[in-house]
Structures are given as structure tokens and as C-alpha cells.
Amino acid sequence: MKRVFWYFLALLLVMGAGNQFVFAANQPSTLVIAAPADVRILDPAVNFDNASWRQTYVGYDRLVQYDGSSTRLKPMLAESWEVSKDAKVYTFKLRKDARFHDGTVVDAKAVKFSFDRLKKIGKGPSEAFAPLKEVQVVDQFTVRFILDYPFGPFLSTLATNGASIVNPRVMEFEKDGDLGQAYLADRMMGSGPYKIKEWVRDQRLVLEANNDYWGGRPRIQQVIIRIVPESSAQRMMLLKGEVDIAEGILIDQYAKLRNEPNVTVFEAPSQLTNIVYMNNKRPPLNNPKVRQALSYAVDYQGIIKHVLQGNATQMRGPIPRGMWGYDENLLQYKYDPAKARRLLAEAGYPNGFKLKIMYADRVPTWEQEVLALQASFAEIGVKLEPELYAWPTLREKVDRADFDLSMGIWSPDYADPYMFMHYWFHSSNQGLSGNRAFYKNEKVDALLEQAAMSPSQQERIRLYQQAQRMIIEEPPYIFLYQRNFLLPMSKRVKGFVFNPMLENIYNLQNMSLE
Amino acid sequence: MQIWGFIVRRILYLIPVLIGVTLITFALSHLVPGDPARLIVGQRASEETLERVREELGLNKPVPVQYISYMKDLARGNLGTSIRSQRPVIQDLRERFPASFELTSLALLFCVIVAVPLGVVCAVKRNKLVDHLIRVFALFGVSMPVFWWGLILLLIFYVILGWLPGPGRIAMDIAAPAGPTGMYLLDSLIAGDWQAFGSALSHIILPAFCLSYVYLAIMTRMVRSSMLEVLNQEYIRTARANGLSEWTIVVRHGLRNALVPTVTILGLSFGELIGGAILTEAIFAWPGLGSYLVESIGFLDFPSIMGFTILICVIYVMVNLLVDIAYGLLDPQIRWN
């Protein structure tokens, strides 16, 4: 028995030696972020989800960047630019002091290389650059982009992750003509303020500051992204001070967190919209009156108040608040069961009908939202049958128009109403690519095409608003709400600026720790 | 020599088992509507891009053709490339498996150390107070949902008392031990890195305990009931009549015979836990096989799903083989053929 006691004591001592385990997040220059899942691929020409942008957006620079929390663009690698009269040629003057992490100069050749590579690889991120015909090197620090046709949103596409400027030396590591995809899958070869120091997959990814950054030495010298899948576990770590920012906390825990003395919950309206796709091809939903009726049958405020605990705003048409082109005077559907019943009767369905609605557990609040919809649709005689699907299956069924109603989310890749109007309503986008309601209206198509090609923002706003007014009368979707962006963080984190275009992305370069 | 023939025969059985399991898994995962190419190129990609990526992944061919080419690769020991991480599946599994193996082994070790004595005590002190107490403790373990239990453990030992670290495999400021096994406890011991060993050990205690509790409860009840049965046998009475000490009777003659069903449970639990500890892995941020499977399914990452299935299948067969060998060792009446 005695011997057992001594073994036990020795074990305790060893554990004590490893006892830095309550790792102080409170190191003055190390920021610790808890994230629910690890990223898979870091190549900006390949990767397509916000979670990986968190890393790559600070590892690479782009020609332009968003100004603070606004959707205005300001110079980044490009010092200035000129646009030709026909809006088909953009010429950029590059800054001369930018260097890749290995010291290579960031020049016009690197810019051309990055866009050529992006287009040749041709995966998701390249889709935003469909109108881009050619990139030309004018001189070492001047580069020219030539478009096939004028494309209003072009400049803001240059602020997306896919437009990151990659060090051309990646070609030294090319394997089987993959343009360095295998090499860049777990590395970054950019010129941004941070680089990767260590990556232990599914546990932690450590970024360290690039102290030679042209934009100045970052104050946060090290960023540790820890993978903690479970919401409550993240919350405990935040309260213990072991992490500074917790990304994966579920909405029902915020009320408690707000009372914690060392935690603030950052809150801002976002562009993440939640809508219900109505299959416009399938009766009775092919009747605009029915779609209007359903839009009037939803208790929007009830869902926002009870399911989202107030952390959302009802949409007013497709273009969300905070995006230019938003129309304050547009019709906003209100909860009005009497009117909904009347519209159903006018459409020839006084006794209602049955519909199925698809959802997935990917968005944790969807189940409750579906139940709320079920209850309010029942009031107008529409029997709603919820169907839970795995995420890839739901998407596949949406793509094939094999559904009545489906819950859906959407957030824009760049700051342009094109991301909503063209994708959601143009008939050429029918299917998963955007027009998931399978809506078709030739007049709307024409307005959208005109708006996409026009170089004038004023003109584009006018056209989009005109299209919105037509769309809202025959609503292809139920426009539910735009969610608030919520981020619980330690009070010692200073200088975080949220840009609605850059969800999950931190302005690490300008942040600091107390 | 009989045992070697037995082992070889059992390993050869693996081949038909693997063919059956891969066929079913492959068919099922490909029948589910869903397109992994979509998840790679993003939702807004054009049809041409999509078609090109499908071709790259070999998804444009008919499912039987895909299966045959998969099996051909498998025969060469190639598990394919993960769609999600674009890395060889074998590499993903090599990172995930040791974490799961370490956790499961420790959990079951703990389980045996605690459950066997408890079960014996229960049987010997049948219907006494101590028996009732232990049975309540066991019932508690079977009835508690693992996620609730895990969170409560974290709350008590990490948040309130601060005795043990929070989620994760090792402290953030300690380099992950690099070694041949991928198991942090073993690798840090091999390297003689006591700091890493201590940190890894303190990190594994809560998840291992949490994982073991359910099985501990089942096993305690199992040991108790089989001990009761054994203790009523005539040879026990004979042993008593011969005047053997109670310890010898209970442990040498009783327990050894009562262990056969326990070993069965142990083997099955191992197979179940190594790939199925999904909730425990999530709560304790433990990057094991269970969470790997869940992520792979969410992405319809066929090669990863297949790789996981094959690995678990091999483990099950191996563990059952070990269990059968153990039967023979425990009870000489059982023969290996």
C-alpha cells in the first residue's frame, strides 16, 4: 500500500511539472482564438470558406481593401488606380515597398502571376473573376486589368480572398503541373502582416507577426487559433481567460455571457441573410399570390425575438440593410394572417394545402424556426411538414429543384448588391449557384443585366431598386432576417473592427491586447 | 502450434469481411444524394468548373467503376486522397488514430482497474450496503448522458477547482511531442520530456474518465453477476471445504472464471469507443477518429469515410481475435479451433 502511495505522489509531481496547463492567455502579445473547426486548405486560389479566410486574409495582401467597417475600398498593395471610360480597363500603380515573406519584391509580375494562376486553377474563388480577360504588366510597378465587358462590382472583387497576391516562387514547388496547389495547401506565401509558425492539425494553428510588414510592425506578435468544437467548452475557456475570443458559442448562451465582468459581446449587424426558398416552378408555389400569402403568414418578429433572442433584423426585400442599394421605402411583408388567408382564397386555395420544408442541422436555430413557421402557416390552413437533411443532401435537392420550401442562408463575397440581385433572381443562375427559387422574369433579367454592366453606381442603384419593386410583388423567397454578428471576447482585446464583408476575419494588424 | 494456425486463419477471414464492408459503405455513401465537387468549388461555381472537378475526383464515372478502381488502389495499400483536405487519407488517419487509441486504451484500463474490484466486492457482499452503494454508482454511470457528464467534470475540475486543464491534448505553450507512435504519453516518455508527459497526462485524465464511466458501470454489473454465478458453483464449495483462504477462493478460483464475459465486453467496448467517442472528443477538443468521421460525412468525403470504415473494421477483427486468444488463456477448456 505504501508503495502505491509513493507512485501516486510521483505521478502528481510529474503532472505538476507539466503544470503550465492553465496556459495564461494573458500574455501581452499573444491572442488566443477558439474556433469550432480547423481549416483544411490554405491556398487562396482553392479555398472557399470563411473559416480559412481567417488565416489567409492576414497572410496575403490584396490590391485593395475595405476601409474600416465600411464597404468603401481603399488602397492596399495598389497605391492608386484609374478606370478607362468604357469601364473595361483598370490600371493600378503598386506601392514599391511591399515584400513577400521571403523578401521577394511584390511587383506587377507577381500580380499577373496570381490572377493567371487563379484562373488556371479555376476552382470556386475564380468565379468572381469571370469577366477578367487578361492581366498585363505595364512596368515593374504598374499592372493593367482588361475585362471582357464592363462589370460594376469588379473593384470589390479585388478585395476577396481569391484576389490574394501569391509569391511567384511557389512555382519552384510545383508538382505534376498543380501550380503549387499541394505546396500551398498547408503553407502561405504572401506578403501579409502574419505568417504561419506552427500548425498541429485539429489542435492549433499559430501565426506570428511579420515584423518587416510594409504597413508597420503588428502589436499582437502571436495569434494562436485553438480548435475547440463544443460551445460550452469554449465558454468555460473564455471565462477562465484561456482564450481571448470564442467563435463558436451558441446564441442561447449570450445572455449569461453579457453579465460576465471580463467579457464583452461584440455585436454588429451583418450581411448574413436567412431566407426561405420557395420553389417557383412547383404548384401551388408557382402562383405569385400564394407566395405573397406565405410571406404575410410569417411571424417575423416572433422568430427574431424568441428564436434569435433579438439578435437579428427583419429583411426589407433582398438587399440587406448596410449594403448600398438598400431601399427604405420598399414593401416589407408583415405578419398578417387575415390578409394571407384572403390572398390564398383569391389564388383558389381557401382551404390551404400541404407543403414540405427542408432544413439541416448546420444552422442550429433552423429547427426552431421551422417549427415557428409550421405554427404560423397552420393558422392560414397550410400544413407544413419539416424534413431534416444532411447538408450536402439538402444542397443537392435544392440544385435539382426537388423541394417545396427550404431554409437557406446567404452572405455576399464582395460589397455589391450584385451578390444578391443577380445571383438570386437572374434566370441564368437557377439552381444552387444562386437562384434557388427558380424564379424567372424576363423584365427583371433585363434590368439586372443592365445594372451589372453599368459603370455608374447611381444608375445601378436606380436599376436595382426598380427590379426590387417588381420582385417584391411576386416574392420568390420569404425574406426572413439578417443576423447580427456576435463575438464574445475578453475585455483585454482592443481595436477589433468588424467589416460585414469579412465575417470570421480579424483586422489583426490593427488590434492590440491590454 | 495450434494457436498460430488459428491466428492466420482468422486474419485471412479479414478479406471477405473487408470486401463486404467496403461494398456496403461505398454503395451507401454514394447513394446519398449530394455532390462533394460542389463543396470544393463553392456554391456559386459554374457548371463547367463543377464538371472539371468531378472529373478530377473521378466522380463522373459510374459507381461500380469507381468502386473497382477504389479496390484496386486499396489492394496496393492506397487509401486515396481526402476530398476535404486533399491529403492522403492514410496521413489523416495516422494523425487521428493515435489520439483515439491513447484515449480509448487509458479509458478501458481505468475501467478494468476500477470495475473488476468493485464487481467482486459487490458479489462477495451481495445485498449488503456496500453492494447497493456501488450499484447506485454504476447505475448513475449508465444513465448519465456523456456530454452532460463531460461538461460537469470540466466545470468542477477545470473551472471551479482548477486542478486539471481544460479541453485539448496538451498545453498551448508546450510543443506537441514528435515521436514514432503519435501518442503524446508514449512519445514524451520515449523522449524523456517530463514536462510534455505531465501536461499530456493531466489533459487526458478527464476525457478518459468521462469515456470510461459508462463502460465502467456496465462492466461492474457484468463482473458482479458472473461472480455470483461462479461463487455458487460446486467447485467453490469444494475449495471452501478444503479450507482455502477466502482470497484464494474469490480471486484464483472465482474471478478467473468470471472474467470470460468481461473480456468479451472489453473487446467490444474497445472497437466501439475507438471510432465512436464523438461527444467526448467534441467536449474535450480531442482530435480523434469519431470527430473525423462526422466531419467526413458532413462533406461526403468518400475516401475518408471509406478509410475510416476499413480501419475500424480491421480493429474490430483484431480485437476480437485477441479476445478469443484471451478466452483460451483464461479457460483451458476453450480451444482455439
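What follows is a set of questions and answers on a predicted model of two chains, A and B.

Student: How many residues does chain B give to its contact with chain A?
Tutor: Both chains contribute to this contact. Chain A puts in 48 residues. The number from chain B is 61 residues.

Student: What area do chain A and chain B bury between them?
Tutor: Carbon and sulfur atoms carry 59% of the buried area. The total for chain A and chain B is about 4700 Å².

Student: Which residue of chain A meets Arg96(B) in a salt bridge?
Tutor: The interface of chain A and chain B holds three salt bridges. In the one with Arg96(B), the N to O distance is 3.0 Å. That is within the 4 Å cut-off for a salt bridge. The partner of Arg96(B) is Asp202(A).

Student: Which element supplies the largest share of the side of chain A that touches chain B?
Tutor: Chain A and chain B also share 12 residue pairs in polar contact, both residues at pLDDT 80 or more. On the side of chain A, at least two residues each come from α1 (2-17), β10 (222-227), α6 (231-239), α12 (391-399) and α13. The largest share is five residues, and it comes from α12(A).

Student: How many residues on the side of chain A that touches chain B are nonpolar?
Tutor: Sort that side by residue class. Nine residues are polar and 16 are charged. The nonpolar count is 23.

Student: Where in chain A is Asn429(A), and is it buried or exposed?
Tutor: Asn429(A) sits in the loop between α13 (418-425) and α14 (442-453) of chain A. Leaving out residues up to four places away in sequence, Asn429(A) touches His422(A), Tyr423(A), Gly434(A) and Asn435(A). Its relative accessibility is 14%, and the cut-off is under 20%, so Asn429(A) counts as buried.

Student: Which peptide bond is cis, with omega near 0 degrees?
Tutor: Look at the loop between β12 (263-278) and α8 (288-297) of chain A, where Pro284(A) is found. The cis bond runs into this proline, from Pro283(A) to Pro284(A).

Student: What is phi of Leu179(A), a residue other than glycine?
Tutor: Leu179(A) lies in the loop between α4 (154-157) and α5 (181-184) of chain A. Leu179(A) is buried, because its relative accessible area is 12%. Its phi is positive, near 55 degrees.

Student: Is Ala401(A) buried or exposed?
Tutor: Ala401(A) is found in the loop between α12 and β16 (405-410) of chain A. Ala401(A) is not a glycine, yet its phi is positive, about 60 degrees. Its relative accessibility is 13%, so Ala401(A) counts as buried.

Student: Why is helix α2 of chain A largely enclosed by the rest of the structure?
Tutor: The buried residues of α2(A) include Trp53(A), Arg54(A) and Tyr57(A). Their cover includes β1 (30-35), β2 (64-66), β8 (194-200), β9 (204-209) and β10 of chain A. The helix, residues 50-59, is largely enclosed because its buried residues number eight of the 10.

Student: What distance separates the centres of the two domains of chain B?
Tutor: Chain B is divided into domain 1 (2-75) and domain 2 (97-330). Take the centres over C-alpha atoms. The separation of domain 1 and domain 2 of chain B is 32 Å.

Student: What area do domain 1 and domain 2 of chain B bury between them?
Tutor: Domain 1 of chain B gives 23 residues to the contact, and domain 2 of chain B gives 18 residues. Carbon and sulfur atoms hold 85% of the buried area. The total is about 1800 Å².

Student: Which helix supplies the largest share of the side of domain 1 of chain B that touches domain 2 of chain B?
Tutor: At least two residues each come from α1 (2-31), α2 (36-41) and α4 (63-75) of chain B. That side divides into 16 nonpolar, five polar and two charged residues. The largest share, 14 residues, comes from α1(B).

How values were computed: Residues numbered from 1 in each chain as written. Chains lettered and ligands numbered in written order. Predicted model: local features only at pLDDT ≥ 70, side-chain atom pairs only at ≥ 80, totals over all residues. Heavy atoms only, no water. Helix = DSSP H or I, 4+ residues; strand = E, 2+ residues; numbered from the N terminus. Buried < 20%, exposed > 50% of the residue type's maximum accessible area, 1.4 Å probe, protein only. Contact = heavy atoms within 4.5 Å. Buried area = accessible area lost by both parts, 1.4 Å probe. Salt bridge = Lys/Arg side-chain N within 4 Å of Asp/Glu carboxyl O. Polar contact = N/O pair within 3.5 Å; in protein donor to acceptor, adjacent residues only side chain to side chain. Nonpolar A, V, L, I, M, F, W, Y, C, P; charged D, E, K, R; others polar. Domains from an automatic or database assignment.
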